[in-house]
Amino acid sequence: MQVTVIFTEARSFTLELVDAGIYETEKEYEVFVNGKSAGCYQKVVQTIGGLKPDSEYRIRVHMGEETKEVLVKTLKESYTLNVRDFGALGDGVRDDTTSIQAAIYACPKDGRVLVPKGVYKVTSLFMKSDVRFEIAEGAVISGITDREKFPIFPGMIESYDETSEYNLGTWEGNPLDMFTAIITCVNVSNVMIYGKGTIDGCASRENWWNNPKIRRGAWRPRQIFMNHCENMVIQGICVKNSPSWNIHPYFSNHLKFIDLQILNPKDSPNTDGLDPESCEDVEIVGVYFSLGDDCIAIKSGKIYMGSKYKVPSKNLMIRQCCMKDGHGSITIGSEMAAGVLNLTVRDCLFLHTDRGLRIKTRRGRGEDAIIHDVVFENIKMDHVMTPFVINSFYFCDPDGKTEYVRTKDTLPIDKRTPNIKQLAFRNITCENCHVAAAFLYGLPERKIEKVEMKNISVRYADQPTADVPAMMEGVTAYTKHGIYANNIKTLVIENVSVEGCEGEAFELENIEDLQKIE
Amino acid sequence: MVGVLDAIPMPERDRTEIVNVEYMESKYPLYMAYETKVGKKEKYQTILADFKEMRDKLFDQETGLIYDSYEVGKDAILEDGKFKIMSAGYYLMGIIDTMFEVAEEIYEQYRAYEGMFKEAIKGVLRYYNEEEGLFRKYILTAKQMDMELKEEENPIDVKGSLMVAYAIWKACYMNVLLNEKYMPIADQLFDCARKMIDEKKTAELEDFYDWILALKQETTFEPWIDENKPV
């Protein structure tokens, strides 16, 4: 067991136990701060609070026979601005938006805006750079649900000389008008949003989720939206009941999401957990997801944004997360027109999601829509309907059910054709699979370059639920299918066992180079 | 905004027929409305391909003006050997009214139409004489400036001017054109047209003005209850 401190602020730190388990440790451990017990825990990634600014602490982690020590020095802090002192009531009734906004606006560098215990009704709060925004234990930033009270971010604003454009709003990969998020960050840097409190969007079928596919005024807001931001940290908080996607970093870099809970009802529409879109250097560690759409969906825009700006999502590390319920645990796409490069997912639990890894793409995403260097390793899946899905015929968008998207015939490669390059899946166990072990379907005109499957075991549920393995036309619902792979150049299958499937364990078509190693 | 009942499905185009610029305005908004509201956008790609073809044939890159018609495989046609403001009017209205029916989620197509519209509006506005306030029937290019046309050979064209005014107004409304820069031009065209119609007092012009006004009315939608806005 190794102990590393992955985040420190003025009053808490987050530690990560390396090689001690996946999301949860195999054994309980106790944390001592300067010799005093700070509690017993069983999460691999754990935040310890109750510290003072600009102080040194000796941290001891005691698990069974093992003890490890690290030193922590908390950050300095200039001033604390308590939002109550700015007029916020936190009574769950009054609109506290302007009071909290005043505190944020006035906060000096290295200062902290503190939201203490209470329920604070807000529309949108706008961050500025160098602010630490703490939502304390028992504090709830509670979203007002009357859309007429929300500002709108226009999708695109043209310059006076008509030579450039300014993108503020976005919806499903296009620069469209949207309501501003509960917490909105535009062109800011060095912001921490943290604490043990909650951001509750209060969405339901009576408000934001009513007719969710219809634009009314603008597209639905997110809970946290970052547009062109740098060095952002979100740590510790619970984010729930989002009007649409929960956390949406957009064209932002050097981001950390640590020890969070992201929760939405299973049947809530478009409530993706965390969707980095055209972002670089993203770390997602120790996050628990349970929601109504994809847990993490990595994106880079639809064809206009992707082909014009060409900003892929790249250099992403996801580890020690638990994805429970939801469509895809880790999804790439469907809006990925600028590509997704260098993604590593390891040491995660996927529980009761429709799919484990899910790649959604389709003709029309464009030639810059390249997925490359994706590695999944050391994953445990349980009751994931179909663990591995690559769908190159995803029937999304208003033109998703056209012949162009659905045909399995070879079409000419043109500017609209996406590209899936190299993917590796290693050391993965899938228990209680329901539909199929894997469904990997590339385009005939541009096959998936290489898929490596190594040290993988799949076993099926006793009473599996039927469903389609992928959302594309021409596929029926079934149970207990093996590995289906079609249109792949090189497929490496090494030590892969599929126990208890009905029919062939491997159904392979149009594989140019098959390397099967027992 | 074209209602569901007025929208019509796009027929297969006869590639041998002559494509007149009026066809862009009279039919394509209805086809697009159909595809958006009923046809599940199956023919979005086909409609865009048609517009790209019409743009390639009808938009003259050198002058920025619009031909009257074309036949596939042949050069575009200028019936009188001169560019007309009415042709520009139909072309611009055709694009902007079709754009209004496009679902904004097919954003790359929306921007493709926008590109065609902007190049054409900038083209025609190069020839706008603010002092005259309205366009004339024929737009003379630099090479045609020696032509000495009499007033009756090249009169003020109220209808063509109104069509351009409407197209600019609608583009500003949709944020396709910058309001601050372009709406004053639309306002001036509308004002001058109104004055001319009041002077001439002809039923034909009055009816045309009313038709343009009605098109403007149909464009308006409530921002908070926009079930009517194309999705």
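A:Arg406 is partly exposed, with a relative accessibility of 26% (buried means under 20% relative accessible area, exposed over 50%, partly exposed in between, with a 1.4 Å probe and protein chains only). The model is predicted: local features need pLDDT of at least 70 and side-chain atom pairs count only at pLDDT 80 or more, while totals for chains, interfaces and linings use all residues. Residues are numbered from 1 along each chain as its sequence is written, chains are lettered from A and ligands numbered from 1 in the order in which they are written, and side-chain values use heavy atoms, without hydrogens and water.

A:Arg406 forms a salt bridge with A:Glu403 at 3.0 Å, N to O (a side-chain nitrogen of Lys or Arg within 4 Å of a carboxyl oxygen of Asp or Glu). A:Glu403 is partly exposed at 44%. Both residues belong to helix H3 (residues 403-406) of chain A, three residues apart, or about one helical turn; helices (H or I, at least four residues) and strands (E, at least two) are DSSP runs numbered from the N terminus.

In chain B, a salt bridge joins B:Glu114 to B:Arg111, with the closest N and O atoms 3.4 Å apart. B:Glu114 is buried at 10%, and B:Arg111 is buried at 19%.
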